[in-house]
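Here are some notes to read alongside the structure, written for someone meeting it for the first time. Please keep the sequence at hand and look up each residue as it is named.

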Amino acid sequence: SHILCSSTAGSGKSRVLVERIKRLVRDGVDPSRIVVIVYTNAAAAVLQERLGDVRLGFNGTLHAYLFSLLARHGHLIGLDGSLSIVDEDAQTELLRQSIDDMAWKGSVKEVQAEVAKGPGDRPKPLTKAGLAAEAFFQRLAADRILTFDMIEHWGLKLFQKDPSVVNADFIFLDEAQDCTDLEWQILDAAQVPNFMAIGDADQRLYSWRGS
């Protein structure tokens with residue numbers, strides 16, 4: 001089943017989500033087969049408090065969920081061994097190294113625009129910035145390093161390769177109005193049979209990032 005709960009602020013959308021989870025558990029659904037995606041760790045803590053002793057398969061942000069699956073199953077898409085996440089400063093330094101290795105006079109900003117498109121096939125012939133971006137992705141993969149944005153790109157690749165890694169029967173999505181196109185692709189690729197989204201388009205906060 002696919003359910004959308006859309007209503008205004010303060011109308012009780014989160015309560016609907018919590019009560020539905022409790023009802024599912026009372027009806028015999030294994031809580032370890034339920035995944036809840038929220039936008040902040042604080043929201044996850046509030047949700048857990050409302051659920052009491054119910055322990056879900058996952059309750060937290062999409063990035064945290066994807067990273068946990070990549071850590072266990074990344075070998076399926078070529079990410080072998082332990083993974084680490086780099087901060088923005090380290091990412092910028094790696095971009096500079098990719099540019100320097102090419103002996104190119106381009107700027108980090110030019111390459112960042114290409115990196116934002118994610119790894120994958122690019123129109124040929126590649127621009128210098130495109131070549132630097134590909135070199136950057138190869139360096140990350142070789143060193144098993146993920147940037148914050150790359151977690152989503154690799155997560156999508158993992159789900160497309162083997163959606164069974166999700167290991168869930170239900171996904172609940174809070175603040176659905178702030179999901180980007182890429183994040184909707186990820187959730188669709190998870191191929192979970194039961195999905196519930198709650199949100200309110202009037203409360204959208206992340207239009208700048210494509211929600």
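This is a predicted model: local features need pLDDT of at least 70, side-chain atom pairs count only at pLDDT 80 or more; totals for chains, interfaces and linings use all residues.

Which exposed residues does the face of H4 turned away from its buried side carry?

1. The protein contains eight helices and seven strands, and along its principal axes the C-alpha trace spans about 60 × 35 × 30 Å.

2. Of the 211 residues in the protein, 45% are buried. The accessible surface comes to about 11400 Å², and carbon and sulfur atoms account for 50% of that area.

3. Helix H4, which runs over residues 88-101 and so has 14 residues by the numbering, reaches 20 Å from its first C-alpha to its last, close to the 20 Å expected at 1.5 Å a residue. Its buried residues are Gln91, Thr92, Leu94, Leu95, Ser98 and Ile99. These residues lie on the same side of H4, because they cover an arc of only 160 degrees around the axis.

4. The opening question can now be answered: the face of H4 turned away from its buried side carries the exposed residues Asp89, Asp100 and Asp101. The buried residues of H4, for their part, pack against helix H5 (108-115) and helix H6 (128-143).

5. Two residues deserve a look for their backbone angles. Most residues other than glycine have a negative phi. Arg144, however, has a positive phi, near 55 degrees, and is not a glycine; Arg144 sits in the loop between H6 and strand E5 (145-146) and is partly exposed, with a relative accessible area of 31%.

6. Gln191 belongs to the loop between helix H8 (181-189) and strand E7 (194-199), and it counts as exposed because its relative accessibility is 60%, where exposed means over 50%.

7. Finally, Ser82 is found in the loop between helix H3 (62-73) and strand E4 (84-85). Is Ser82 buried or exposed? With a relative accessible area of 60%, Ser82 is exposed. Its C-alpha atom is separated by 16 Å from that of Phe148, a residue 66 positions away along the chain.

Technical notes
Residues are numbered from 1 along each chain as its sequence is written. Side-chain values use heavy atoms; hydrogens and water are left out. Helices (H or I, at least four residues) and strands (E, at least two) are DSSP runs, numbered from the N terminus. Buried means under 20% relative accessible area, exposed over 50%, partly exposed in between (1.4 Å probe, protein chains only). Accessible areas come from the Shrake-Rupley method with a 1.4 Å probe; for residues, only the protein chains shown count as cover. The expected span of a helix is 1.5 Å times one less than its number of residues. The arc is that of the directions from the helix axis to the C-beta atoms. Contact means heavy atoms within 4.5 Å.
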